[in-house]
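Welcome! Let us walk through this structure together, one part at a time.

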Amino acid sequence: MSKIVNYAGACPHDCPDTCAMVYEVQDKKLLSVKGNAEHPMTQGGLCVKLKDYEKRHYHPNRLLYPMRRVGKKGTRSFERISWSDALDDISSRWVDIIREHGAQAIAPYSYAGHQGLVHGINGGDAFFNRLGASVMERTMCGSGAATAWAMTYGPSGGMDPESFQYSKFIILWACNSVSTNIHHWHIVKKAQKKGAKVVVIDPYRSRTAKEADWHIAPKAGTDGALAMGLIHVLIEENLIDQDFVKSHTLGYNELSQRAKNWTPEKTAEVTGLQPDDIRGLARQYASTKSAAIRIGVGLERHHGGGQAIRAVCCLPSLTGAWREVGGGIFLFPFWEHPYLFDKICRPDWIPKGTQVISNLKIGDVLTGRSSKKQLHSLMCWNANPVSQAPDSQKVIEGLMRDDLFMIVADHFMTDTASYADIVLPAAMGAEMEDIILSWGHNYLTYNSKCIEPPGEAISNREIFRRLAKCMGFDDDEFQWSDSECLEHFVDWDSPVCEGIDLAYLREHGFARLNVGSAEVRAPHRDGNFPTPSGKCEFKSSIADNGNFVVGTFRQMYDAFQGGEKLDNLPDFVSPRETLISSPELADDFPLNLISPKSHGFLNSCYANMEQKVKSQGAQSLLINEVDAAVRKINEGDKVKVFNKRGSYLALAALTEDVPAGVVLTTLGYWDQLNKGVANHTSSQEFSDIGHAPSYSDNLVEVKRL
Ligand SMILES: Nc1nc2c(c(=O)[nH]1)N[C@H]1C(S)=C(S)[C@@H](COP(=O)(O)OP(=O)(O)OC[C@H]3O[C@@H](n4cnc5c(=O)[nH]c(N)nc54)[C@H](O)[C@@H]3O)O[C@H]1N2
Ligand SMILES: Nc1nc2c(c(=O)[nH]1)N[C@H]1C(S)=C(S)[C@@H](COP(=O)(O)OP(=O)(O)OC[C@H]3O[C@@H](n4cnc5c(=O)[nH]c(N)nc54)[C@H](O)[C@@H]3O)O[C@H]1N2
Ligand SMILES: [Mo]
């Protein structure tokens, strides 16, 4: 046996943590993965999903060869074919489709299944833009938050996530860090041990809420009201940092006017909280130096979520929390990262007038329910819309179309791959070189290729290189190796990369961007917000331009701009599906289903691995005892969750962790292993800002089977 060799790794999953890892390899085999102990955020630990990542690489169900469908769509009957047959099938079908319907009849569908610069969400953009395909707007996650943030603060990375260790008061607002951002949770925990008060705002008593010093549970979708109520108290009780407001904000008087009505009593009525709790929260937040807020995506998932996030974003500028290390607000720091998305994506290749399709509305598009030109081919990689996209029974209906030529590249026969005409086997993390981007810290993280992919699996980039060759594209980017891509895709001359190059990353595995040390960093101590006015914009100077989208990974190249005018001030906007806003709908479907992330899965990844499902538990429905009693539902009963959009089955779990009126199923379960998934019931409607999803703006009914 040869000796064990360590390689630098980076977790490629769609998660803010982007852990630096160490691969242990012996005889060309991946023996184990470990968290890199040197990395200040990873700190040597990996989550329950990743700690035996080698098992995912060697899983017996990995896709090993290209396959062609032989049975009816969706029946998972395929025959093995060669790569050259697969590429011939694809290119000849595409040539026919382009001749008959034009290139826009073809569309890519990707998300962040792999977060690499080379093999990730944008890895196929240059190819599809060169082809003239429809552009896919990818606003599944975070675009509402990123757009609302950008309206207030511009493209700023905000507070340094590591500086939370110096915070004295921390609000985790709609963020279940213990499950979804565990390497930031460690930092929050460190502050808590030093005496910081940790407040969690979440209608659900999540794992994180259980660890908090104070759990505040507003009614789902009413955070905008709570934030307006807090603004009201801050102003009424003169808890404002007048100097900061005067020097570094825009629209204070208008905001005060807007907040005038949001008395604690009115706020309490909307949110279901106690007026004194609202006062107390505002007072404690304002009076504790180094007060930090961490926003999670749970906030954007109701209509009105964008406006709520704008209101929350106002808080640290009202109190001047930005002045302190450990004070401010944190969402996504990706603005600090020096990636050259124009080079990665080649938006200049998009033919003028090309239609843009939203990945959230793929169900309506495929089934002809939208005004878009019909698609005749869809290629999906790094994504699994059958379980993850909203209103997914429509997605399935669309994928069943005989005249839709569907290609899926993945590791496993996912719910989406089940409907493919051609399935392509994709390489996995340890099998390809990349830099994995992070939306949760300020490090570049390098992943080495340390083993060969199994069977005939190849990397996403290699798939696009081969497709480009078949389609006759001889542009430079389609010739670049993965290493060459990395040389081109990062702005190595940027000041944040001083002293960092690929050689450094290959040796050390990661590097903190030169944004300054978290110990002393208070990036907006003196304002300097990168907005049009240079100030924190309570009153947005761009709202009149209309709704727009800031893509979570800046992958949007401004495809969508100039929608309906936005309110120039934040406010509470009610969700669409509530007892108050849709009383008739609520007569039939009185329960609000929220569907956050599973602790033991990563979106739909791992939900096909027996051990992982065992520890996460079967698909369940958390339901309050009051709602269960009315429906004669007992612990462990099989229940059907349904509305007009669709249904799924789950096991009832009676609990006080959700309030009456709210039910909860966590995300990620596979349709083929369960009878339906939560997204069968969710809506394709955008929420108010940034074409964000409204997965949790969703009324359902539940019955015992
Ligand atoms: N274990 C694990 N980790 C993950 C993922 C995973 O699937 N599993 N997915 C990754 C991805 S893609 C993302 S985007 C992040 C997301 O990580 P988070 O931002 O933590 O997102 P969620 O888990 O969707 O929701 C967070 C919390 O919001 C709450 N919530 C729902 N509705 C409301 C509301 O109206 N108001 C308030 N205040 N709270 C509400 C939910 O109850 C939930 O506890 O996690 C990443 N990390
Ligand atoms: N109801 C509800 N729905 C939600 C959410 C919610 O909170 N509630 N959350 C939303 C959020 S935050 C997100 S980010 C989306 C995620 O939506 P998706 O990105 O569609 O979901 P994933 O399960 O992460 O799918 C990633 C797929 O990529 C594959 N993959 C991984 N690496 C590679 C690779 O290198 N090559 C190829 N070809 N494939 C690879 C994985 O095997 C997996 O099948 O879901 C959204 N959907
Ligand atoms: Mo996400």
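A residue is called buried when its relative accessible area is under 20%, exposed when that is over 50%, and partly exposed in between, using a 1.4 Å probe and the protein chains only. By that rule Lys 612 is buried, with a relative accessible area of 8%.

Before going on, please keep in mind that this is a predicted model, in which local features need pLDDT of at least 70, side-chain atom pairs count only at pLDDT 80 or more, and totals for chains, interfaces and linings use all residues. Residues are numbered from 1 along each chain as its sequence is written, chains are lettered from A and ligands numbered from 1 in the order in which they are written, and side-chain values use heavy atoms, with hydrogens and water left out.

**Salt bridges**

A salt bridge here is a side-chain nitrogen of Lys or Arg within 4 Å of a carboxyl oxygen of Asp or Glu. How many salt bridges does the structure hold? There are 40 salt bridges.

Asp 52 sits in the loop between strand S3 (29–35) and helix H1 (53–57), while Lys 612 belongs to helix H22 (residues 610–616), so the pair ties together parts that are 560 residues apart in sequence. Asp 52 counts as buried too, at 18% relative accessibility.

A second bridge brings together the side chains of Arg 279 and Glu 265, at 2.8 Å from N to O. Arg 279 is in helix H12 (residues 275–287) and Glu 265 in helix H11 (residues 264–271), 14 residues apart. Arg 279 is buried at 18% relative accessibility, whereas Glu 265 is partly exposed at 40%.

Glu 336 and Arg 521 form another bridge, at 3.1 Å from N to O. This pair links the loop between S13 and helix H14 (341–345), where Glu 336 lies, to the loop between strand S20 (510–512) and strand S21 (536–537), where Arg 521 lies, 185 residues apart. Both Glu 336 and Arg 521 are buried. Salt bridges with shared partners join Asp 160, Glu 162, Glu 336, Arg 512 and Arg 521 into one network.

**A helix and its surroundings**

Helix H6 (residues 182–193) has 12 residues. From its first C-alpha to its last, H6 reaches 16 Å, close to the 16 Å expected at 1.5 Å a residue; the expected span is 1.5 Å times one less than the number of residues. Which residues of H6 are buried? They are His 183, His 184, Trp 185, Ile 187, Val 188, Ala 191 and Gln 192. Among the elements that these buried residues pack against are strand S8 (169–173), helix H5 (177–180) and helix H7 (207–211). Just after H6, Gly 195 has a positive phi of about 110°.

**The two ligands**

A residue is near a molecule if one of its heavy atoms lies within 4 Å of it. Ligand 1 is surrounded by 31 residues, the closest being Asp 202, Gly 221, Asp 223, Phe 601 and Asn 603. Around ligand 2 there are 29 residues, of which Asn 384, Gln 388, Asp 410, Ser 604 and Asn 679 come nearest. The table lists polar contacts, meaning pairs of N or O atoms within 3.5 Å.

| Residue and its atom | Ligand atom | Distance |
|---|---|---|
| His 302, side-chain N or O | ligand 1, oxygen | 3.2 Å |
| Ser 598, backbone N or O | ligand 1, nitrogen | 2.9 Å |
| Phe 601, backbone N or O | ligand 1, nitrogen | 2.6 Å |
| Gln 388, backbone N or O | ligand 2, nitrogen | 2.8 Å |
| Lys 597, polar side-chain atom | ligand 2, oxygen | 2.9 Å |
| Asn 603, polar side-chain atom | ligand 2, oxygen | 3.4 Å |

The protein covers 98% of the 910 Å² of accessible area that ligand 2 has on its own, by the Shrake-Rupley method with a 1.4 Å probe.

**A buried loop residue**

Finally, look for Ser 595 in the loop between strand S22 (591–594) and H22. Ser 595 is buried, at 12% relative accessibility. Leaving out residues up to four places away in sequence, Ser 595 touches Thr 665, Leu 667, Ala 678, Tyr 695 and Ser 696, where contact means heavy atoms within 4.5 Å.

Key. Helix = DSSP H or I, 4+ residues; strand = E, 2+ residues; numbered from the N terminus. Polar contact = N/O pair within 3.5 Å; in protein donor to acceptor, adjacent residues only side chain to side chain.
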